[in-house]
Amino acid sequence: MKRAAFRLQPVLELRRSEERAAAAAAAAAANAAGEAARRATEQEAALSAAVLPRSLPAGSFVAAMVLLRTAATDAADARALATAQAEQAEAVRAEWTAAARRAKALERLAERHRLAQQRAADAAEERATDDLVTGRAARRTATDASGRGTTWRG
């Protein structure tokens, strides 16, 4: 008996590949977010460790203050970037979850199809066995009723 192919198999393969691509994108986004957070933390640590000397000439003091202000702005920008990348990573992870759900739904359909085919094959085998047994009994009864031949012994 030839088994019917699962008609949605190409779609299932597409969904699985979409899920793999979404998983890779989610991993890359999570790595980028982690790296951005690490850089922001480093810049914030460097800024908090910066100390102005007690006595500086006026020009050097202004230069140091500008440098600290720039470092503070850079640290704030790095933290904002880390936050944005974390949000982006969360959005990409949500896309991965959706892709996994779509693939899982088709996998359940494929499993149902496989089980239905197995049940049909089992039923066909059972019918064939029943027909074989029923046929033997009918032949045995016919042989006994006609009085000809010997009784079949199975």
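A: Take Arg16, which at 27% relative accessibility counts as partly exposed. Buried means under 20% relative accessible area and exposed over 50%, with partly exposed in between (1.4 Å probe, protein chains only). This is a predicted model, where local features need pLDDT of at least 70 and side-chain atom pairs count only at pLDDT 80 or more, while totals for chains, interfaces and linings use all residues. Residues are numbered from 1 along each chain as its sequence is written, and side-chain values use heavy atoms, with hydrogens and water left out.

Q: Which side chain does Arg16 meet in a salt bridge?
A: A salt bridge is a side-chain nitrogen of Lys or Arg within 4 Å of a carboxyl oxygen of Asp or Glu. Here the partner of Arg16 is Glu13, at 3.2 Å from N to O. Glu13 is partly exposed too, with a relative accessible area of 36%.

Q: Where do Glu13 and Arg16 lie?
A: Helices are DSSP runs (H or I, at least four residues), numbered from the N terminus. Both residues belong to helix H1 (residues 9-49), and they are 3 residues apart, about one turn of the helix.

Q: How far apart are the closest N and O atoms of Arg38 and Glu42?
A: They are 2.3 Å apart, and the two residues form a salt bridge. Arg38 and Glu42 are 4 residues apart in helix H1, so about one helical turn separates them. Arg38 has a relative accessible area of 37% and is partly exposed; Glu42, at 46%, is also partly exposed.

Q: What about Glu111 and Arg114?
A: Their side chains meet in a salt bridge of 2.6 Å, N to O. These residues sit 3 apart in helix H2, so they are separated by about one helical turn. Glu111 is partly exposed at 34% relative accessibility, and so is Arg114 at 39%.

Q: Which residues do salt bridges that share partners join into one network?
A: Glu35, Arg38, Arg39 and Glu42 are joined in this way. A search of the whole structure finds 9 salt bridges.

Q: Which residues form the negative surface patch?
A: For a charged patch, residues with over 30% relative accessible area and no salt bridge are taken, and like charges are joined within 9 Å. Asp and Glu count as negative. Here the patch consists of Asp122, Glu125, Glu126, Asp130 and Asp131. Asp122 is partly exposed, with a relative accessible area of 40%, and lies in helix H2 (residues 58-146).

Definitions and conventions. Patches are made of residues with over 30% relative accessible area and no salt bridge: like charges are joined within 9 Å, nonpolar side chains (Val, Leu, Ile, Met, Phe, Trp, Tyr) within 5 Å. Accessible areas come from the Shrake-Rupley method with a 1.4 Å probe; for residues, only the protein chains shown count as cover. The place of a charge is taken as NZ of Lys, CZ of Arg, CG of Asp or CD of Glu. Helices (H or I, at least four residues) and strands (E, at least two) are DSSP runs, numbered from the N terminus.
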